[in-house]
Amino acid sequence: MQRRTLLHTAMLASSALAFGGLSQAQDFPPKKAVTLVVGFAAGGAADAAARLIAKKLGENIGQSVVVENKGGAGGNIAHGQVANAAADGSVILFGSVGPLTIAPHLMKLNYDPFKDLAPISGGVNFPNVLVVHKGAGVKTLKEFVALAKKSPGSVDYASSGAASASHLAGELFNQRAGVEMVHVPYKGGAPALQDLLGERVTSYFAAPPTALPHVETGKLIPLATTGLTRPAYMPNIPTVAEAGYPGFEALNWYAFVGPAKTPTAILDRWNREIVKVLGDDEVRKALQAHGLTPQPTTRKELAAFMQKEYEQWGKVVRERKLTMN
């Protein structure tokens, strides 16, 4: 009887420890500081969005959410860091299209975005805008294509880096328009835009928030946007699809992901909190003022979206025979 009682007591103690451990693992908000990692330098579209969202998240959960900018390798360094971070909900990533769905086709990474990172929710998206400097001598997409076809290889386009959204937007356009623009990668959007303004490169699939001020002053000519519909802040600029290439779509997007081993309960809770923030009227208006469209999703919807994007860009990489050389 005494032995049975001791065994029963030991089992109860073991169960209590296991339950306590599970409870602690699923604490929300986490008992330590929460970090939202962004794979790009401060001052860009991703950083602006992350800070707006982090501020409201912190207010809602009653704990500060600190934005950490971890630039380098087109965002891949940040993605690798979060893939190996503590899986307790204290670290989440404002992931982006390049590292999550393009880079895996072009380079060897120290993380697998589908195995080492777990989807939480969509974040924001925005189209690129194809702009040329005023010295290019074209004012429409039709004229631009004619220029590229007249002298194959003489027209180039800048990107914010190899395997970036602007890089693949250009390659998709090459494929659809039957042209051979030369890709000129830069270490970020700022130097790419600077060389375009200096007329050292012909064109750039740029982020609207950075390009529009120069469009307004007449230094850059907007030819088309890369979404399926015209953004509200660029109502007079046609989409590439409208300008003769039906179905053309190349969006920049950012989404929330976390370490893959994070407990499902915590990932689900982060999803609810992020979706709530993205649905907040003030946050939505602030994001839209930056040219960003909120894109809240379920975890399952984000996983399906990422898979679709991965397959689309993989096809472009293969058909265009793209390499990192």
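Student: Start with the surface. How much accessible surface does the protein have?
Tutor: About 15,400 Å². Carbon and sulfur atoms account for 55% of that. Keep in mind that the model is predicted.

Student: And what box do the C-alpha atoms fill?
Tutor: Roughly 95 × 40 × 30 Å, along the principal axes.

Student: What share of the residues is buried?
Tutor: Of the 325 residues, 48% are buried.

Student: How many helices and strands?
Tutor: The protein has 11 helices and 11 strands.

Student: What about contacts between residues at least 6 apart in sequence: what percentage joins residues at least 24 apart?
Tutor: That comes to 77%.

Student: Charges next. How far apart are the mean positions of the positive and negative ones?
Tutor: They are 4 Å apart. The count is 33 positive and 25 negative.

Student: Now the sheet with β5 in it. What's the strand order?
Tutor: The order is β7-β6-β8-β5-β9. Five strands form this open sheet, with mixed pairing.

Student: Which strands are at the edges?
Tutor: β7, residues 182-185, and β9, residues 220-225. Each pairs on one side only. From one strand to the next, the twist averages 30°.

Student: Do β6 and β8 run parallel or antiparallel?
Tutor: Parallel. Two bridges join β6 (residues 156-159) to β8 (residues 203-206).

Student: What stands opposite Y157?
Tutor: S203, in β8.

Student: Which helix lies across β5, β6, β8 and β9?
Tutor: Helix α7, residues 189-197. It runs at about 145° to β8.

Student: Last one: T262. Where is it?
Tutor: In the loop between β10 and α9 (264-278).

Student: Why does T262 count as buried?
Tutor: Because its relative accessible area is 6%, and buried means under 20%.

Student: What is T262 in contact with, leaving aside neighbours within four places in sequence?
Tutor: A87, D88, G89 and L267.

Note on methods. Residues are numbered from 1 along each chain as its sequence is written. This is a predicted model: local features need pLDDT of at least 70, side-chain atom pairs count only at pLDDT 80 or more; totals for chains, interfaces and linings use all residues. Side-chain values use heavy atoms; hydrogens and water are left out. Two strands pair if DSSP finds at least two bridges between them. Helices (H or I, at least four residues) and strands (E, at least two) are DSSP runs, numbered from the N terminus. Axes are lines fitted to C-alpha atoms, for helices over the stretch in contact, and angles run from 0 to 180 degrees between N-to-C directions. Contact means heavy atoms within 4.5 Å. Buried means under 20% relative accessible area, exposed over 50%, partly exposed in between (1.4 Å probe, protein chains only). Accessible areas come from the Shrake-Rupley method with a 1.4 Å probe; for residues, only the protein chains shown count as cover. Lys and Arg count as positive and Asp and Glu as negative; His and the chain ends are not counted. The place of a charge is taken as NZ of Lys, CZ of Arg, CG of Asp or CD of Glu.
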